[in-house]
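Trainee: I have a new model on my screen and would like to go through it with you, one question at a time. Please show me the sequence and structure, and then let's begin.

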Amino acid sequence: MKSFIKYVLTSLLLFVSMALFAQSTSTISGSILEAESHQPIPFATLRLMNVSGSTPQLLAGTISNEQGSFAISQVPNGNYQLLVSSVGYGKARKTFEIASPSTIEAGPIYLRDSLLFITEAVVVADRIQGKSATDKTIYFVNNKMLSATGNAPELLRQLPGVRLDLKQNISINGQSNILLFVDGKERDKSYLSQLNPSSIDKIEVLDTPPSNYEGNVSGVINIVLKKEQLRGFSGRLFSEIPLSSRVVYLFPTYQFNYSHNKINLYTSYNGEINSEDIDEKINRQIIGNDALTELSSVQHVRQKNRSHKFHYGLDYHLSPKDVFNLYGFINPYSYEQDGHVVSQASGSADWEAQKEESDKNLSQLYSLYYKHLFRAEGRALMVDLSHAHSHSENTVSYRTNTGHQTNAENLRQSSFVLKVDFTTPLKQHLQWDTGLKLKTRAMHDQTSDRFSYQEHVYALYSTLSYQRPKFDVKLGLRAENAETKLKDNLDRSSFSLLPYVACHYPLSQHSDLYVSYRRSVNRPSVYSLNPFVYRDDPYTIRKGNPRLEPEFRSQVQFKYTRRLNNNYLSARLFYETQSNAINQLTYLDNAVLFVKQVENLGDIHQYGLQLDGAFQLGIVSINPSFRLYRLSTSGNSTAKQFGIANKDKLVLESSISSILSLKKDFALSAIFQCATTRENIQDNAFYEPLYFISLDKTFHKKLKIGIVSPLPFAKSFVYQGAEIQTSRFTSKYTGNLKLPSIPLMFRVSYQFKSGKNRRNLNREKEAVDTRPKQGL
């Protein structure tokens with residue numbers, strides 16, 4: 001507070017002095033960039049010292065904005081020295097002699113990573129582990145993280161609060177509706193898999209995304225790449241080699257890039273090839289029925305996933321301020337389960353069947369992207385057009401001695417997106433970002449004339465960012481209108497206003513306080529709306545619900561962060577609420593069949609504390625995350641109709657990753673993730689602790705060989721489970737993955753480069769929905 005009062009009094013004195021002597025003034029502006037990657041450095045500290053006299057005096061101070069830009073106005077004639085610093089970087093300085101009023105362009109000022117000097121050696125110190133900005137947390141990729149990483153998704157596993165399962169599905173703080181971006185342009189996890197980890201500069205995590213992101217998103221991860229030079233050829237190859245045929249997890253990738261003058265060509269591939277044995281078990285007890293009291297069902301199946309995604313693209317740099325991009329992919333894939341199913345019911349003969357599944361899918365994307373930078377610094381226009389479509393054929397047959405039953409789908413989907421974004425500085429400390437997005441989707445099931453779906457979403461959004469040395473504020477508003485058309489005249493229209501507020505106040509040079517609020521909407525997926533009936537066994541059916549309404553969420557956070565040298569600590573208090581929550585409902589119908597259907601079941605509230613950290617302790621780095629909160633549910637009339645009681649439980653979610661850097665470029669890493677039971681409105685969800693151990697060796701920064709073991713000594717792993725207790729029945733479901741005692745996989749990666757290449761222009765991805773599947 002004293003420093004703030006001192007700053008105000010100094011500024012007032014300078015203003016009076018300038019008014020009295022009527023001096024002409026100048027403006028100094030420029031940008032702060034990293035020396036290696038040429039990426040902007042946000043929130044760097046700048047001090048303008050008057051060195052005209054014998055003793056230097058502070059004239060003004062400011063910080064760079066999120067794009068690394070700065071401006072210092074009302075500078076009188078004289079001799080000055082500009083001092084620039086940022087945590088984790090060395091300092092820089094520039095001198096100026098101002099003799100007449102002018103606008104001085106300081107040009108880009110480059111900062112280098114800090115150097116740590118030891119006896120008889122000079123070692124480049126690790127970058128700071130992390131830091132917070134107004135609407136995100138930034139984690140910097142360092143050599144230790146790269147030494148223990150096989151592919152890009154594994155970098156995310158090392159971040160506090162970010163969870164990846166065995167199939168590399170991503171969630172943040174327990175929420176799985178996550179958007180992935182590369183340099184600010186949307187991608188999916190398959191695209192992320194083929195990225196070269198060493199090309200990643202930093203990772204930005206937004207758990208309260210601002211208004212320019214879609215309203216149904218619960219979190220955003222933005223991968224920021226290092227800036228490359230102009231021409232050359234480069235590539236990377238990566239694959240795993242399983243040592244057991246029982247459990248196979250392969251994510252092979254290749255990436256080739258060629259750049260010459262104004263043209264940049266690239267192609268890449270990423271595969272997902274998985275095979276594992278799983279058991280899905282359901283045990284139920286019916287209360288108050290003398291004829292049928294107990295039911296059990298077991299599926300012993302071999303699960304096989306095959307996905308081959310080929311990306312291709314062309315960047316054309318028409319001028320330094322105009323870039324065009326053509327991008328597309330083609331992706332054939334299948335998810336199949338084959339095996340044996342047994343259902344037992346008290347008082348009845350067992351029902352046994354051989355399960356056979358045929359699944360064929362093909363999805364494609366075509367897109368055009370244009371970006372224009374105006375003469376005014378910080379002003380830009382982006383236009384994005386994309387079209388995606390897919391065709392899916394799925395058949396599941398249960399063959400018994402007396403016959404067979406079949407579930408079949410033949411789905412066609414398509415989507416079209418137009419997105420326009422514009423950003424411009426309004427004043428020295430004020431920036432305006434605005435845009436619009438039009439999105440249409442359609443799906444038709446050719447096996448059923450009852451289901452034909454169309455959705456049109458129109459969104460307008462705008463954000464004002466105001467930044468001062470002592471605080472900065474973001475105010476945003478997103479308006480979305482969604483029109484849904486279903487067959488049988490089930491047409492709906494919903495309008496949503498989604499405000500966003502984020503404030504940042506630096507308490508000191510090393511500690512900060514953040515406050516944020518966000519409202520979001522979660523519209524039901526097309527598969528939840530499909531009324532098609534699936535029969536899993538003689539006693540269970542599943543179906544969609546075309547009458548689902550949107551779910552709304554509100555989130556408030558108070559966050560305190562502290563930087564301790566290169567270490568980072570974050571503590572936050574949060575409150576979240578879901579109204580009209582979309583949850584799965586299970587009930588018994590009049591024919592004593594268990595029916596699974598998605599419904600709007602009421603409200604869910606949670607409040608608690610979260611601690612995140614990124615610490616460097618000598619040769620060991622540790623990234624822990626602990627989230628403790630109270631969760632309560634309040635069922636609506638539908639929930640009460642089926643006898644669902646309200647709940648109030650304490651939930652703990654935690655994860656920790658650690659890396660031990662050894663001599664001769666060896667790295668040992670371990671990752672552990674666990675959570676207590678999480679309550680939904682009817683059921684509760686759980687999974688067993690998940691952990692990984694890996695050892696990697698790097699050769700000449702090009703070749704890396706490693707060995708990884710997921711869940712050693714576990715032998716089986718509950719990847720998901722759920723329990724239900726009602727007045728009419730109880731139910732417990734567990735999905736179990738069978739494992740060898742010590743599952744091992746080798747992994748190898750090789751990267752090569754000839755000359756220097758321009759970084760790909762990564763643009764927005766729009767894809768059609770993927771059909772949800774049973775199993776892992």
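Trainee: Between which two strands does the loop with Phe713 lie?
Mentor: Strands here are DSSP runs of E with at least two residues, while helices are runs of H or I with at least four, and both are numbered from the N terminus. With that in hand, Phe713 falls in the loop between strand S45 (703–710) and strand S46 (716–725).

Trainee: What kind of model is this, and what pLDDT do local features need?
Mentor: Residues are numbered from 1 along each chain as its sequence is written, and side-chain values use heavy atoms, with hydrogens and water left out. The model is predicted; totals for chains, interfaces and linings use all residues, side-chain atom pairs count only at pLDDT 80 or more, and local features need a pLDDT of at least 70.

Trainee: Is Phe713 buried or exposed?
Mentor: The backbone is worth a look too: Phe713 has a positive phi of about 70° although it is not a glycine. As for the classes, buried means under 20% relative accessible area, exposed means over 50%, and partly exposed is in between (1.4 Å probe, protein chains only). Phe713 has 62% relative accessibility, so it counts as exposed.

Trainee: And Asn580, what is its relative accessible area?
Mentor: Asn580 is found in the loop between strand S35 (567–579) and strand S36 (582–588). Asn580 is not a glycine, yet it has a positive phi of about 60°. Asn580 is classed as partly exposed because its relative accessible area is 28%.

Trainee: Which residues have the most contacts inside the largest nonpolar core?
Mentor: A nonpolar core is a set of buried Ala, Val, Leu, Ile, Met, Phe, Trp, Tyr and Cys residues joined through side-chain atoms within 4.5 Å. The largest one has 34 residues, and those with the most contacts inside it are Leu156, Val162, Ile203, Ile221 and Ile223.

Trainee: How many residues does the second core have?
Mentor: This second core is separate, and Ile63, Leu82, Val84 and Tyr89 are among its members. Its residue count is 26.

Trainee: Which side chains make polar contacts with the side chain of Arg747?
Mentor: Arg747 sits in strand S48 (residues 745–755), and it counts as buried because its relative accessible area is 4%. A polar contact is a pair of N or O atoms within 3.5 Å; within protein, one must be able to donate a hydrogen and the other to accept it, and residues adjacent in sequence count only if both atoms are side-chain atoms. The partners of Arg747 are Glu154, at 2.7 Å, and, at 2.8 Å, Asp696.

Trainee: How far apart are the C-alpha atoms of Gln610 and Glu653?
Mentor: Gln610 lies in strand S38 (residues 602–617) and is buried, because its relative accessibility is 1%. Its side chain makes a polar contact of 3.0 Å with the side chain of Asp612. Gln610 and Glu653 are 43 residues apart along the chain, and their C-alpha atoms are separated by 9.3 Å.

Trainee: Which residue takes a positive phi in the hairpin of S23 and S24?
Mentor: Strand S23 (residues 322–345) and strand S24 (residues 351–373) pair in the antiparallel sense over 17 bridges, and Val323 has Lys371 in S24 as its bridge partner. The hairpin has five residues between the strands, and the one with a positive phi near 80° is Gly347.

Trainee: What is the phi of Gly378, in the turn between S24 and S25?
Mentor: S24 runs antiparallel to strand S25 (residues 380–400), with 20 bridges joining them. Asn361 stands opposite Ser392 in S25. The two strands form a hairpin with six residues between them, and Gly378 in the turn has a positive phi of about 90°.

Trainee: Last one: how many disulfides are found in the whole structure?
Mentor: Cys503 is partly exposed, with a relative accessible area of 30%, and Cys674 is also partly exposed, at 21%. A disulfide is a pair of cysteine sulfur atoms within 2.5 Å. For the whole structure, the number found is zero.

Methods: Two strands pair if DSSP finds at least two bridges between them.
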